Amino acid sequence: MLLINTTNNDKTFITLNILKAPKHLSKSFAYASSIVTFAFQKFIMPKISEKGIQMPSSPVRKLVPFAEAAKARGIHIYQLNIGQPDIKTPEQAINAVKNTDMEVLAYSHSAGNQSYRDILAAYYNKINMNLTSEDIIVSTGGSEALLFAMGSICDYGDEVIIPEPFYANYNGFATASGVIVKPISTRIENNFALPAISEFEKLITDRTKAILICNPGNPTGYLYTQDEMDQLTDLVKKHDLFLLSDEVYREFAYDGRKHLSIMNIAGLEEHAIMIDSVSKRYSMCGARIGCLISKNKEVLATAMKFAQARLSPPTFAQIAAEAALDTPQEYFDEVISEYIERRDILIADLKKIKGVEVANPGGAFYCVAQLPVKDTDIFAQWMLENFELDGETIMVAPAAGFYSTPGKGKNQIRIAYVLEKESLKKAVRILDEALKAYNA
Ligand SMILES: Cc1ncc(COP(=O)(O)O)c(C=O)c1O
């Protein structure tokens, strides 16, 4: 007989009993123990949540173990998979942290430091947003601002319509908030432009709370036009919805085009919630500073309760973010012309590859490319595990994870042009050769 002490019902205990058992009984003990262990795992062990099971893993990071293995084999990898810019953080920001004479690294105000919010409001007012510090809650990255926004406007089971492909973590934020994502597909053939408003209207139900756009888009690089913004404005007003706009790439608008913020739209004050971040603007991803902005007082007051529950945004990083606001315009001019050159090289070279189709991004630093393969999850892994050109390979983000409609984007990848031009050129050459080898 196998004795089980239910107050000590772990595998170690069972194993001890087997070891103590007479030899001729050990086989049946082992059998019984495996059944019991299974039963414990199935029924008695504490269980994780259904929400946890539903939580998607990052399509951008899931290939990391394969990349690490390739690096261990001595392969050099061009990392095009992640939106971590190689651009230097403004020295003002770094120096402000270095020069601080702080003696206690204390919590800040839950809405963020008053001095930072004042200067931030002044910064937005240069582009006519007409904000005060009261309209701003500083968050731990744009990521937390998105969570605050969803938490503030949605109940469990409420719906948010999002043009797909979209920033993959929206799926994660929605799952964590109990929100249902209603994707609306956009197409590579027209650079992922906004779908017809009638398509949105088909998706609107009595659970729809908001439309979430990313402008310019990650992963598409799409920059919305005035006409598209007008159409969205009419739509959210007509159906009394929130318009959430993720503008973390707002500075990166190319070809002389102007980024259009929802905070500049007159009459949208009660509907508009903007998400912003210092991560990409100043190449300060590690600072973890973003913000939620809205003129809607109820939204702000509600988001503030979420902000209070997590106490405060990072103290040191707010010092860096505040100092970063002194970054001279030349920094942005240089960065933007660098990204434009990279984009042009990347898109031109990708277009030369047989069977590759690519959208032309008007902003941000990503593009989506369609490849002549069935499943880019497998292809991307294969490039890390089985392919090299002169000791080098590339890491890309398979695009299926940027869609929420199952099966969509399987033959697409997202490329982040966060490497300098020569590296980008080499990376595209590697992609070309890899496709030839893979399809041979
Ligand atoms: C579109 C978009 N929104 C939000 C974020 C989150 O940014 P962070 O939390 O670093 O501010 C990212 C990060 O890549 C992003 O691409």
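Val358 first. Its bridge partner in β10 is Ala369. That pair belongs to β9 and strand β10, residues 366-370, which pair in the antiparallel sense over two bridges. Keep in mind that this is a predicted model.

Now the sheet around that pair. Four strands form an open sheet, in the order β9-β10-β13-β12, and the pairing is antiparallel. Which strands stand at the edges? They are β9, residues 357-358, and β12, residues 397-398. Each has a single partner strand, so one side of each is left without a neighbour in the sheet.

Strands of a sheet pair through backbone hydrogen bonds, either parallel or antiparallel.

Look at the β2 end. β2 and strand β8, residues 290-294, run antiparallel and are joined by four bridges. Val138 stands opposite Cys291 in β8.

Next, the ligand. How many residues surround the ligand? The count is 13. The closest are Gly141, Gly142, Ser143, Ser277 and Ser279. Helix α7, residues 141-153, gives the largest share of the shell, three residues. By class, the shell has four nonpolar, eight polar and one charged.

Pair one is helix α4, residues 64-72, with helix α14, residues 376-386. Their axes come within 8 Å and cross at roughly 20°. That angle makes α4 roughly parallel to α14. The crossing of α4 past α14 is left-handed. On the α4 side we have Phe66, Ala67 and Ala70. They meet Gln381, Leu384 and Glu385 in α14. The residues of this contact divide into four nonpolar, one polar and one charged.

Pair two is helix α13, residues 329-352, with helix α15, residues 421-439. Here the axes come within 10 Å, and they cross at roughly 15°. Why call them roughly parallel? Because of that crossing angle, α13 counts as roughly parallel to α15, the cut-off being under 35 degrees. The crossing is right-handed. From α13 come Glu341, Arg342, Ile345, Leu346, Asp349 and Leu350. In α15 they meet Lys421, Leu424, Lys425 and Val428. By class, that contact has five nonpolar, no polar and five charged residues.

α6 passes α12 in a left-handed crossing. Ser115, Tyr116 and Ile119 in α6 meet Gln318, Ala321 and Glu322 in α12. This contact has three nonpolar, two polar and one charged residues.

To recap on handedness. The α4 and α14 crossing is left-handed. For α13 and α15 it is right-handed. For α6 and α12 it is left-handed. Over to you for discussion.

Notes. Residues numbered from 1 in each chain as written. Predicted model: local features only at pLDDT ≥ 70, side-chain atom pairs only at ≥ 80, totals over all residues. Near = placed C-beta within 6 Å. Nonpolar A, V, L, I, M, F, W, Y, C, P; charged D, E, K, R; others polar. Axes fitted to C-alpha atoms, helices over the stretch in contact; angles between N-to-C directions. Parallel < 35°, antiparallel > 145°, perpendicular 65-115°, else oblique. Left-handed = near helix turned anticlockwise from the far one by under 90°. Contact = placed C-beta atoms within 7 Å. Pairing = 2+ DSSP bridges.
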